[in-house]
Amino acid sequence: MKHRNSPTQLPVTLMEQRNILETDAQRKLPDEKQYVHYPDLGLLKSLLESCKLPTEIFDQTYADTLHIREILDDPELKVLGRVEQTLQASQQLIDQLVSIILEHPSKYKDHLDILYQYLSEEDDLEEVDVILVCGWKHLDRAQKAIELYRQGVSPILLFSGGHPRYDPRPAEALIYRDYALQNGIAATAILTEEKSISLPGNIIASLNLLEDRQIPVKRIRLVCSPFAQRRAWSHLKKFTPDNLRIVRMNATSLPEMTQETWLQTESSLKRILNEFFKMLAAMMFNTA
C-alpha cells in the first residue's frame, strides 16, 4: 500500500507512521496523564452503527507508554503494527461511510451536525500567555491569530508547522510569520516552530520550544480550524498538566468545510471524518 498523497487519506502504512513519529519532536508525558485519553469516539461509533457498519475497530488496547521512543524501539513493532491494521480498516470504513452519507445526506444530517459540533467546540475570549497556531496550507488560522493579537489577547504569537510529506513547500510556520509581518505584527512578538509534520508534532514541538525559551505559560490560546480543533486540544491536553488552561478558538472555515456545507462533497466528508480515526490512532499511541 502506497503512502498517502492527499489530506483526505489516512497515513495507513507502517513505514509512513514510523517516519512521522521519528521526524516529529518527542516529549515525555506527565505521569498523571499516562492512562488518560481525551477523545470521545462514541459519536462516530453510533453513526457507524446507524449505517450498519462494523465497529470492532474501537475495541483496541491502547499503549501505556510515557514516551513514543519506547514504541519506536520495540523490535516487534506491536503498537505500530496494530495502528497500521487499524488505519487500513479505518480507510475502508470511511469510504463505505461516505458513500452511504452521500446517498442519503438528509437522513444522517442531525447526527453529523453533532459530530461537527463536537470537533469544533471553542471557548470564550480571554487573555492568555501565548497564542499557539497549528499550521496548514491556508492562511485562515494565521488571520484569526493576528485578529486575536490585535485585540490584546496575548503578547506572543507562536506559529507551528513544517509541511506534510505529501505536500513539499515552505514551512507553514514561516508562511504564517511572513504573513503576520506583512500585516504589521512586530517580529519580536512572533515565535516559529517549523520542523513538525503532523498535528501532534505541532503541539509537542511547540511545548518544547516554550520550555527551551523558558517562557512561563499558564494559559494557551489554541487556534485551529473547526474540524481539527478537538484533535489539537486532545494532544495539548494530554501533554500538559491540568493546571495549564487551554482556551480554544476556531479560525474561519473554508467555504466547503463549514457545518452547513461539509456534507455536500466527498472530499470534505472524508477530511472531517478522518479526524475521528486519527484520534483513535493517537489514543493507540497514547498521545491524546
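Me: A pocket is an open set of grid points with protein on both sides within 12 Å along at least five of seven lines, and its lining residues have an atom within 4 Å of a point. Which residues line the second largest pocket?

Reply: Keep in mind that this is a predicted model. The second largest pocket is lined by Arg27, Leu207, Leu210, Glu211, Ile215, Pro216, Val217, Ile220, Phe239, Thr240, Pro241 and Leu244. By class, that lining divides into nine nonpolar, one polar and two charged residues. Helix H8 gives the most to this lining, with three residues, and the pocket has a volume of about 160 Å³.

Me: How much space lies in the largest pocket?

Reply: About 840 Å³. There are 50 residues lining the largest pocket, and Ile197, Ser198, Leu199, Pro200 and Arg231 are the closest to its centre. Helices H1 (14-23), H8 (199-212), H9 (229-238) and H10 (266-285) each give two or more residues to the lining. The top contributor is H10, with six. Sort the lining of the largest pocket by class and you get 23 nonpolar, 15 polar and twelve charged residues.

Me: On to strands. Which way do the residues of strand E2 point?

Reply: In a regular strand the side chains alternate between the two faces of the sheet. In E2 (residues 157-160), Leu157 and Phe159 point one way, Leu158 and Ser160 point the other way, and all are buried.

Me: Which strand do four bridges join to E2?

Reply: One is E1 (residues 130-134), which runs parallel to E2; there, leucine 132 stands opposite leucine 158. Four bridges also join E2 to E3 (residues 190-193), again in parallel, and serine 160 stands opposite glutamate 193 in that pair. Follow the chain and you'll find that E1, helix H6 (residues 140-150) and E2 make a right-handed β-α-β unit.

Me: What about phi? Which residue has a positive phi of about 60 degrees?

Reply: Here's the general idea: most residues other than glycine have a negative phi. Lysine 52 is not a glycine, yet its phi is positive, about 60 degrees. Look for lysine 52 in the loop between helix H2 (42-50) and helix H3 (68-72). Asparagine 286, not a glycine either, has a positive phi of about 65 degrees; you'll find asparagine 286 in the segment after H10.

Me: Is lysine 52 buried or exposed?

Reply: Exposed means over 50% relative accessible area and buried means under 20%. Lysine 52 is at 74% relative accessibility, so it counts as exposed. Asparagine 286 has a relative accessible area of 2%, so it is buried.

Me: One last residue. Where is serine 234 found, and is serine 234 buried or exposed?

Reply: Serine 234 is found in helix H9. Its relative accessibility is 0%, so it counts as buried.

Me: What lies 2.9 Å from a polar atom of the side chain of serine 234?

Reply: For a polar contact, the pair of N or O atoms must be within 3.5 Å. Here, the backbone oxygen of arginine 230 lies 2.9 Å from the polar side-chain atom of serine 234.

Technical notes. Residues numbered from 1 in each chain as written. Predicted model: local features only at pLDDT ≥ 70, side-chain atom pairs only at ≥ 80, totals over all residues. Heavy atoms only, no water. 1 Å grid on protein atoms, 1.4 Å probe; cavity = no way out; pocket = protein on both sides within 12 Å on 5 of 7 lines; lining within 4 Å. Points joined across faces, edges and corners; volume = space filled by probe spheres on them. Nonpolar A, V, L, I, M, F, W, Y, C, P; charged D, E, K, R; others polar. Buried < 20%, exposed > 50% of the residue type's maximum accessible area, 1.4 Å probe, protein only. Pairing = 2+ DSSP bridges. Right-handed = clockwise from strand over helix to strand, strands pointing away. Polar contact = N/O pair within 3.5 Å; in protein donor to acceptor, adjacent residues only side chain to side chain.
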